[in-house]
Amino acid sequence: MRIVGLTGGISSGKSTVSNLFKSHDIPVVDADIVARDVLKKGTGGYKRVVATFGEDILQANGEVDRPKLGQIVFSDPGKRQLLNRLLAPFISSGILREILKLWLKGCKVIVLDIPLLFEAKMDKWTKPIIVVWVDTETQLQRLMARDGINEEDARNRTNAQMALDLKRSKADIVIDNSGTLEDLKEQFQKILVQVTRPLTWTEFWLSRQGAFSALVSIIIGVVVGKNVVGKL
């Protein structure tokens, strides 16, 4: 199985690239969706976060008020790190469950869409790593327009993440999304060819088909071995 790492920054266009993979029938494990699930009312992550940040972060229906929690953690690096520590075990296990489901289905290539791919040290499990990059000013303008926030809030959010230039230096493949959507799609088509190329032998043995082949080989080896021993 080939696990492709996809990351970027807020308003870099990572979600657009993720959706392009989905539109080409490449399964995507989205860490943001997993993170939303682990904060649902009654879950372990929910209980930890409410116990730590208090019931003031809850809506009238008891669910977490995500924008309010976001304002708290984006303006305070210490609280942001605390939230990440609280949710990391639940998010990691959720991601692994989704990968296992796709492995059992026999998927040969999957995309792991994780904003904190490097920060969570999950980059060591992915190859190649794709970073969606955009220049700082374009990123700020897009974020302010998208969320209707001022420049200070936008900078707080972008500064809360690893710098895109640093992520770019760690990437195997860089998508420059400073241009138009058509420019992005043109780059994506070239990357799609790389991502869907035939599996290496290592990737094949990590796939369900490879594991099945290995199991069959072991069974055949055991049967043949018994027959040989029986004739001695």
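Author: Let's start with a word we'll need: buried means under 20% relative accessible area, exposed means over 50%, and partly exposed is in between (1.4 Å probe, protein chains only). This is a predicted model, where local features need pLDDT of at least 70, side-chain atom pairs count only at pLDDT 80 or more, and totals for chains, interfaces and linings use all residues. Residues are numbered from 1 along each chain as its sequence is written, and side-chain values use heavy atoms, with hydrogens and water left out.

Reader: Okay, so is Asp-25 buried or exposed?

Author: Asp-25 is exposed, at a relative accessible area of 71%. You'll find Asp-25 in the loop between helix 1 and strand 2 (28-30); helices (H or I, at least four residues) and strands (E, at least two) are DSSP runs, numbered from the N terminus.

Reader: What is the phi of Asp-25?

Author: First, the general idea: most residues other than glycine have a negative phi. Asp-25 isn't a glycine, yet its phi is positive, about 65°. Ser-11 also has a positive phi, near 65°.

Reader: Where does Ser-11 lie?

Author: Look in the loop between strand 1 (2-7) and helix 1 (14-23). Ser-11 counts as buried, because its relative accessibility is 12%.
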